[in-house]
Amino acid sequence: MLRIGKLPIGLFAGFILIFPWVAGKIPAIQNYTDIMVFVGIYCLITIGLGLLMGYAGQISVGHAAFYGIGAYVSAILTTRYGLNPWFCMFVAVLVTGMIAFLVGAPSLKLKGHYLAMATLAFGIIVFIIFNEETRWTGGPDGMSDIPGLSLFGFYFDTIEKYFFLVWGFVFVILIFTVNIIQSDAGRALRAIHTSEAAANSMGVNVPRFKILVFVYSAILASLAGSLYAHYLNFINPSTFDLFFSIKLLIMIALGGMYNIWGAVIGAGLITFLSNEWLHYFEEFEVIVYGAILLVVTIFLPHGLAGLPGMVKELFVRQKSNE
Amino acid sequence: MSGQIFQYLVTGITVGSVYAMVAVGFNIIYNVTEIINFAQGEFVMLGGLIMVFLHVSLGLPLILAFPATVVLVTMVGVLLDRLAINPIRQPTVLSLIIATIAASILIKGTAMFIWGKDPFDLPAFSGRDPITLLGAVIQPQYFWVIGFLVLVVIVLTFFFDRTIIGKAMSACADNPDAASLVGINVKKMVLLSFALSAAIGAVAGITVTPISLMEYDRGAMLAIKGFGAAVLGGLGSFPGAVIGGLILGAIESLGAGLISSGYKDAFALIVLLFVLFFKPSGIFGNIEISRIKRF
C-alpha cells in the first residue's frame with residue numbers, strides 16, 4: 001500500500017472503461033455490469049475498512065450499520081422531505097461521521113480490541129432500530145420509491161450510466177486514500193502499524209490517528225450506502241445485518257489488508273461469489289465463507305494481494321539456501 | 001404491579017445466569033490468552049442442540065445425555081484451538097479475533113446444515129408445573145439454570161485456587177513468558193482454556209433450552225451479551241462476570257417488560273456501550289490492568 005504505480009491504476013481504469021461494453025457483447029456475462037456496480041459500492045467500504053485494519057490494526061464488526069445509516073438518511077430525506085439527493089448524501093456523511101466519532105473515540109482510546117465489541121454491539125442496535133422505528137424506516141418492509149440520481153439534467157438511469165458514476169467515485173476515493181497514505185498522516189499511520197509504543201514515543205498521537213481512520217472508513221461506508229439506495233430505489237433492513245459486516249471482513253482478509261488493491265480484489269471476488277458462483281450452495285454459502293476466512297487467516301495472512309510478495313520471498317529464500 | 005416487577009426480575013436473573021456463564025467462558029480464555037473468543041456463543045447453541053439430539057432424538061436418559069453433550073462440545077472447543085488458533089504462525093490480536101469470527105460462522109453454518117432453521121424444544125429437567133411465589137410464576141427449570149451457575153462458580157473457584165493445573169493457568173494469565181520459564185506448557189494451557197470454556201458454554205445451553213428453545217443462529221447474540229456481562233463486571237474477573245450477567249439479565253427483562261419488547265435485545269447492548277464509554281474497567285476490574293494487558 002506504500003506506493004501505487006501509475007501503470008496498475010491506469011490498466012485498472014482501462015479495464016473499468018471497457019467492461020460494460022465487453023460484458024454487453026457476451027450474453028453469458030451480460031449481467032456482470034450490474035454486479036460490478038455492487039463491487040464498486042462495496043469497494044468504497046473496503047478501502048476505508050482496509051485502512052482501519054491494515055494501518056490502525058483495529059477491527060470493526062459494525063460497518064454494515066454505517067452503510068445502513070447512509071442509505072436510510074438518504075432515503076428518508078429524499079422521500080419524506082423531497083430534498084436534493086446530493087445534499088442528502090452530504091448530510092448522511094456528516095451524520096455518520098459524527099456517530100462514528102461518538103462510537104469509536106471512547107473505545108479507541110482504550111488499549112486493545114474493545115472497538116470490535118463496541119462496533120458489534122452498535123451494529124446490532126442500529127439493525128434493531130431500522131426494524132423497529134417503522135414510522136421513519138418502514139420497518140422490516142423497508143422503503144421504496146427512492147429517487148435516482150441526476151447531475152445538471154443528466155440522469156444516471158441505466159445500469160451502464162450508474163456503473164460509471166459509482167466507479168468514478170471509487171477512483172476518486174482510491175487516489176485520495178493513496179494520497180493520505182503518502183502524506184505525513186500516512187507516515188504516522190505506518191509508524192503506528194509497526195509499533196504503537198515507538199510511534200507514541202516519537203510524538204505521534206496514536207488514539208487521534210486511529211479515530212480519524214475509523215471516522216474516515218465510516219464516512220466511506222455511508223457514501224456507499226447512499227449510492228446503494230439511489231441505485232436500487234429500495235432498501236430494507238436485512239441488507240445491513242451483522243452478516244454483511246462479517247462479509248466485509250472476509251473481503252478484506254481475502255484481498256489483503258496491507259495493500260490497497262486487496263480491498264478491490266476482495267470486494268470483487270466475494271461479490272461475484274455471492275451473486276453468481278455460490279448459487280449452488282444456497283444458504284449454506286455461510287460455511288464456504290467461514291472456510292475461506294479461516295484458510296486465508298492461517299495460510300495467507302497478507303491476502304491475495306500479498307501473494308506475489310510471498311512467492312518472491314519463497315524464491316529468494318530458496319536461492320539463498322542453494 | 002410489584003408482582004409483575006418481581007416476575008421480570010426472576011426471569012431476568014435466570015437469563016442473566018446464562019449470560020454469566022458465557023461471561024465466565026470469555027474470561028477463562030481471555031485470562032490465559034488475551035483472545036476475545038467470538039465463537040463463545042456457539043458453544044451455548046451447540047450445547048442446546050446436541051442435547052436435543054441425544055436426549056430427544058436418540059432417547060438417551062438425561063443423566064447420560066447431559067455429560068455426553070458437555071464432552072462433545074468440549075471436543076469442539078479443543079478443535080477450535082487446534083484448527084483455528086494454534087495453526088496461525090505469527091499470531092496478532094487482529095488475526096486471532098478474525099480466526100474466532102471465522103470459526104463462529106463455520107460452526108453456525110454447520111449447525112444450520114445439521115439441524116435446519118427451526119427452533120428445538122427440550123423437556124424441562126423436572127417438569128413444567130409452575131410454582132407461584134409472591135405473585136410471580138416460576139418454572140422449575142429456572143432453579144436448574146441458577147443452580148448450575150452456582151455449581152460452575154464453586155467448581156471453578158476450587159479449580160483455580162486449589163489445583164496445580166488451575167494455578168498454572170492463572171500463572172499464564174499473569175505472565176505467559178514467566179510461566180513458560182518455570183516449565184508450564186503455555187500451549188497446553190491455552191488448549192485447556194478453550195476446552196473449559198466450551199464445557200461451561202455447553203452447560204449454559206443445555207440448561208436454558210427448556211426455557212427459551214434453541215436454534216442455529218442464537219450464538220452471536222449470546223456471545224455479545226455474555227461479553228457485555230464480562231465487561232460490566234470487569235473483563236477477567238470471575239465474580240464480576242457473575243454479577244455483570246445477573247445485572248444485565250435483570251435490565252434486559254425489566255426493559256423488555258416495562259419499556260419496549262421490540263428493543264429487548266438492544267438494552268443489554270446499550271449497557272455494554274455505556275460501560276465501554278464511561279467505565280471500561282467495569283465494576284470489579286482495575287483500569288490499570290486493562291491498560292497493562294497486551295490488548
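I started with the contact between the chains, which takes 35 residues from chain A and 38 residues from chain B; two residues are in contact if their C-beta atoms, placed from the backbone, lie within 7 Å. On the chain A side, helix 4 (85–109), helix 5 (114–132), helix 11 and helix 13 each supply at least two residues. Helix 5 of chain A gives the largest share, 11 residues. By class I listed 27 nonpolar, 6 polar and 2 charged residues for the side of chain A that touches chain B. Ala, Val, Leu, Ile, Met, Phe, Trp, Tyr, Cys and Pro count as nonpolar, Asp, Glu, Lys and Arg as charged, and the others, Gly among them, as polar.

I noted that this is a predicted model, in which local features need pLDDT of at least 70 and side-chain atom pairs count only at pLDDT 80 or more, while totals for chains, interfaces and linings use all residues. Residues are numbered from 1 along each chain as its sequence is written, and chains are lettered from A and ligands numbered from 1 in the order in which they are written.

Next I took helix 11 (residues 242–255) and helix 13 (residues 285–299) of chain A, which pack at an angle of about 40° with their axes 9 Å apart. Helices are DSSP runs (H or I, at least four residues), numbered from the N terminus; axes are lines fitted to C-alpha atoms over the stretch in contact, and angles run from 0 to 180 degrees between N-to-C directions. Residues from helix 11 of chain A in this contact include A:Lys247 and A:Ile250, and those from helix 13 of chain A include A:Tyr289 and A:Ile292. The residues of this contact divide into 7 nonpolar, 1 polar and 1 charged.

I then looked at helix 8 (residues 186–212) of chain B, which has 27 residues and reaches 38 Å from its first C-alpha to its last, close to the 39 Å expected at 1.5 Å a residue. The expected span is 1.5 Å times one less than the number of residues. Of the 27 residues of helix 8 of chain B, 20 are buried. Just after this helix, B:Leu213 takes a positive phi of about 60°.

Last, I checked B:Phe66, in helix 3 (residues 62–85) of chain B. Why does B:Phe66 count as buried? B:Phe66 is buried because it has 20 C-beta neighbours inside 10 Å, and the cut-off for buried is 20 or more other C-beta atoms within 10 Å, with C-beta atoms placed from the backbone. The C-alpha atoms of B:Phe66 and B:Val155 are separated by 17 Å.

Definitions and conventions: A residue is buried if 20 or more other C-beta atoms lie within 10 Å of its own, exposed if 12 or fewer, and partly exposed in between; C-beta atoms are placed from the backbone.
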